[in-house]
Amino acid sequence: MKFSLVENPPWDEMSRMPDHTLFQSKEWIVFVAEAQNAQPVIIEIADGSERIGWFVGLIVKKIGLRILGSPFPGWTTSYMGFNLHDVGNRTEALGSLIKFSRKELGCVGVEVMDRKFQESEITAAGWRYRLLTGYEVDLSGTENDLFDRFSSSTQRNIRKSEREGISVVQAHEDSFIAEYYSQLQEVFALQGLKPTYTKKRVELLLKHLLPTGRLLLLRVLDPGGKCIASGIFPADQHRMYFWGGASRTESRILRPNEAMHWFAMKYWQGRGVALYDMGGGGEYKRKYGGRPIAVPWIRHSHIPGFEMLRSLAKRLVEMRQRF
């Protein structure tokens with residue numbers, strides 16, 4: 001395989017690949033680059049004279065060392081990796097990427113999370129990985145079909161919120177950011193923590209993604225019109241995602257979160273989206289009819305001791321959350 005850096009990526013052509021995700025789009029890459037002070041890396045992949053796809057990632061510096069992430073932990077970003085015409089090329093492509101990242105990009109490590117990789121082939125290749133587990137909801141059928149797949153308690157809670165006069169509305173105004181982040185701080189404070197990202201990141205997300213029409217912002221209002229919950233739900237042509245949500249503690253008895261997820265599912269279902277990836281673990285997500293999923297998050301280190309440094313960096317982030 002031949003790898004070549006691309007200075008002017010053909011974003012439109014890349015977006016038409018069947019395995020393309022929102023997190024490989026131009027707007028998302030620019031968002032991550034600005035939020036993480038990262039350098040975008042778009043690589044064209046060829047087999048002989050034939051182009052067979054691309055790789056999308058970004059380089060960040062940690063303690064002075066260059067790391068290629070696609071994505072990297074802490075980016076609030078899901079599946080990236082490769083866009084390839086032949087799914088069977090992925091294992092070979094990853095091996096070539098590891099060599100390219102060290103020799104041509106000067107990176108000390110690579111991290112890749114790509115939905116097309118299977119745990120069995122990663123294990124066979126001997127790469128380190130962890131499984132990102134979560135739940136995915138089937139949005140096919142009618143709204144009634146979708147509602148019928150919810151647990152009976154979730155159905156009751158959604159009906160309860162409707163009886164209580166709860167309403168869910170689409171948000172556009174700038175005040176959403178301050179409102180959402182204030183609720184997020186309240187949620188984390190209950191656990192003695194601070195949010196894992198700053199308000200600035202939310203600002204950058206809206207700046208780059210809202211104009212695309214691929215970002216849904218929701219506010220949940222109580223009968224008096226007060227916002228008691230809010231959420232952020234991006235989507236691509238295949239899936240919608242749960243990027244973030246928060247609610248006021250004193251109003252949870254009104255079940256605003258169930259009402260919000262129900263609204264978001266109907267919204268994206270009506271626009272042809274087939275699946276809802278709820279992102280990460282959380283047993284509560286099963287109640288929306290979700291099936292468990294597990295995607296390998298692969299990593300490779302080029303230097304001895306990198307794994308120890310990576311673990312240390314993770315612990316420092318966790319400590320910063322608490323203090």
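**Ground rules.** I number residues from 1 along each chain as its sequence is written, and side-chain values use heavy atoms, with hydrogens and water left out. Because the model is predicted, local features need pLDDT of at least 70 and side-chain atom pairs count only at pLDDT 80 or more, while totals for chains, interfaces and linings use all residues. I take helices (H or I, at least four residues) and strands (E, at least two) as DSSP runs, numbered from the N terminus.

**Entry 1, the sheet.** I looked up the strand order and found an open sheet of four strands, E8-E9-E10-E12, with antiparallel pairing. Two strands pair if DSSP finds at least two bridges between them. Strand E8 (167-170) and strand E12 (244-247) are at the edges; each has a single partner strand, so one side of each lacks a neighbour in the sheet. On average, neighbouring strands here are turned by 15 degrees against each other, direction ignored. As background, I note that strands of a sheet pair through backbone hydrogen bonds, either parallel or antiparallel.

Strand E9 (residues 215-221) pairs with strand E10 (residues 227-234) over seven bridges, in the antiparallel sense.

Axes are lines fitted to C-alpha atoms, for helices over the stretch in contact, and angles run from 0 to 180 degrees between N-to-C directions. Contact means heavy atoms within 4.5 Å. Helix H8 (residues 199-209) lies across E9 and E10, at about 125 degrees to E9. Helix H9 (residues 256-269) lies across E8, E9, E10 and E12, and runs at about 35 degrees to E10.

I found that the axes of helix H7 (residues 175-189) and H8 come within 10 Å and cross at roughly 140 degrees. That makes H7 oblique to H8; the scheme counts angles under 35 degrees as roughly parallel, over 145 as roughly antiparallel, 65 to 115 as roughly perpendicular and the rest as oblique. From H7 the contact includes Phe176 and Tyr180, and from H8 it includes Val202 and Leu206. I sorted the contact residues into seven nonpolar, no polar and two charged. Here Ala, Val, Leu, Ile, Met, Phe, Trp, Tyr, Cys and Pro count as nonpolar, Asp, Glu, Lys and Arg as charged, and the others, Gly among them, as polar.

The axes of helix H2 (residues 26-36) and H8 come within 9 Å and cross at roughly 155 degrees. That makes H2 roughly antiparallel to H8. Among the contact residues are Trp28 and Phe31 of H2, and Leu204 and Leu205 of H8. I sorted this contact into seven nonpolar, two polar and four charged residues.

Most residues other than glycine have a negative phi, and most peptide bonds are trans. I found a cis peptide bond between Ser70 and Pro71, with omega about 0 degrees. Pro71 sits in the loop between strand E4 (65-70) and strand E5 (81-84). Thr76 lies in the loop between E4 and E5, and its phi is positive, near 45 degrees. Thr76 is partly exposed at a relative accessible area of 26% (buried means under 20%, exposed over 50%, partly exposed in between, with a 1.4 Å probe and protein chains only). Arg255, in the loop between E12 and H9, has a positive phi of about 60 degrees. Arg255 is partly exposed, at 31% relative accessibility.
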